[in-house]
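Hi everyone, thanks for coming. I'd like to walk you through one structure today, so please have a look at it with me.

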Amino acid sequence: MRLYDLITKDVKAENESKRVIVALRILYMVVFIAFSVDLLLVGRESIEVFPHGLGILFVANILLFIHTYHSRTKPALFCFMIFLFVWILFMIPFLGWSAGMQNYFIIILMLCFFAMYGKSGYKFLYAGFVLAMRIMTIWAYGGIKPLIEYDVVRDKLLQITNISAVFISIIFISYVFSKKENEAEEKLMKYNDKLKQEAGTDQLTGLCNRRRAQEQIHQMKTSGETAAMSIAMADIDFFKKVNDTYGHDAGDEVLKFVAKTMVDNCRNDSIIARWGGEEFLLVFPDTNGDHAYIALERLRKKIQDTPIKINDIEISITMTFGLTEYSFSDDESYAIKEADEKLYMGKQNGRNQVVY
């Protein structure tokens, strides 16, 4: 069995928090490794001084690790905390104050808030108890020398080992208990982005809708990155006749064809929106009216010359465009209104044209 599978294996009890159990197993392993390294650094003399005490702690660590596969979350959590309390209080006089065993109280403190479930008052109560124990430890053992004398190098290595074990434990606790919340928050952010996109998108054509187009125009105006733009209003000629003759499903296919043709034949930075019904808005940033006129003429001919195949029928359509330049001197609504008026002129004068 792989180490990952061993750590993440479910407990036998039902409706138990797997995160807590996984965290405890990791912590038992970290403590076990730190414990073993400490004894190796101190040497054979450590076993000769406290053979029974060290043996009991060593066996307890292993048995409590195994216990996590059979215990419920709360008893397993309290067993670990008690074990860590005993281990700290035993190892401080054994290795001395400078070894840094007192730093393991931080692990217990983090578990009080991350692993315990219940009212906040109880968590603060447990945290207060941990603080009291930490203060008592300073009072009882502060500055105590180790029972076994060892050189400065081993003293520093002991400090490094224990502070590393504490840091690794903090990292694992933070990761295990924040992973789910971070994933949930990320999903929520993506969902909000999706809702925002859908709120600004026309569901039939995939183009942005009127509100989103107005927001983008206003953003271009206020950003200062665009000097001017050309705005066009477009309308499918005799669209009602298409619906009446071929049905609304065919009308929808025509709208989607027009939308795709516009996207495929306009610059990537253009704004193309379904304004409503069979009417569309096109915005060309940093483009004067003459260049926009050429682009619209090319688009108009493309639509005119491309029949739309729906099942066994072919539908030919034309479009009329009204075009104006917008230099940000007035409100964008005036430019859109002017383009719409020119569109109306084009429809009055025979349709299938660009009025500029």
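Predicted model: local features only at pLDDT ≥ 70, side-chain atom pairs only at ≥ 80, totals over all residues.

Residues are numbered from 1 along each chain as its sequence is written, and side-chain values use heavy atoms, with hydrogens and water left out.

Back to aspartate 286, which sits in the loop between strand 3 (279–285) and helix 12 (289–305). Helices (H or I, at least four residues) and strands (E, at least two) are DSSP runs, numbered from the N terminus. Most residues other than glycine have a negative phi. Aspartate 286, though, has a positive phi, near 50°. Asparagine 311 also has a positive phi, of about 55°, although it is not a glycine. You'll find asparagine 311 in the loop between strand 4 (308–310) and strand 5 (313–315), and at 77% relative accessibility it counts as exposed.

Now let's go inside. A nonpolar core is a set of buried Ala, Val, Leu, Ile, Met, Phe, Trp, Tyr and Cys residues joined through side-chain atoms within 4.5 Å. The largest one has 56 residues, and those with the most contacts inside it are Leu84, Trp87, Met91, Tyr104 and Leu111. Several helices each supply at least two residues of this core, among them helix 2 (18–42), helix 4 (51–67) and helix 7 (120–141). Helix 2 gives the most, with 15 residues. There is also a second, separate core of 30 residues, which includes Leu207, Val242, Ala250 and Ile272.

What does tryptophan 87 touch, leaving aside its neighbours within four places in sequence? Tryptophan 87 is in contact with Val31, Phe35, Leu57, Met101 and Tyr104, where contact means heavy atoms within 4.5 Å.

Next, helix packing. Two packed helices are described by the angle between their axes and the distance between the axes. Helix 5 (residues 73–95) and helix 6 (residues 105–114) pack at an angle of about 160°, with their axes 10 Å apart. They are therefore roughly antiparallel to each other, the word for angles over 145 degrees. Their contact is made by Leu77, Phe80, Met81, Leu84, Phe85 and Ile88 of helix 5 and Phe105, Ile107, Ile108, Leu111 and Cys112 of helix 6.

Helix 2 and helix 4 pack at about 155°, with axes 9 Å apart, and are therefore roughly antiparallel too. Residues meeting there include Tyr28 and Phe35 in helix 2 and Leu57 and Phe65 in helix 4.

Finally, leucine 343 lies in helix 13 (residues 332–348) and is buried, with a relative accessible area of 2%. Its contacts beyond four places in sequence include Met233, Glu279 and Phe321. The C-alpha atoms of leucine 343 and tryptophan 87 are separated by 84 Å, and the two residues are 256 residues apart along the chain.

Key: Axes fitted to C-alpha atoms, helices over the stretch in contact; angles between N-to-C directions. Parallel < 35°, antiparallel > 145°, perpendicular 65-115°, else oblique. Buried < 20%, exposed > 50% of the residue type's maximum accessible area, 1.4 Å probe, protein only.
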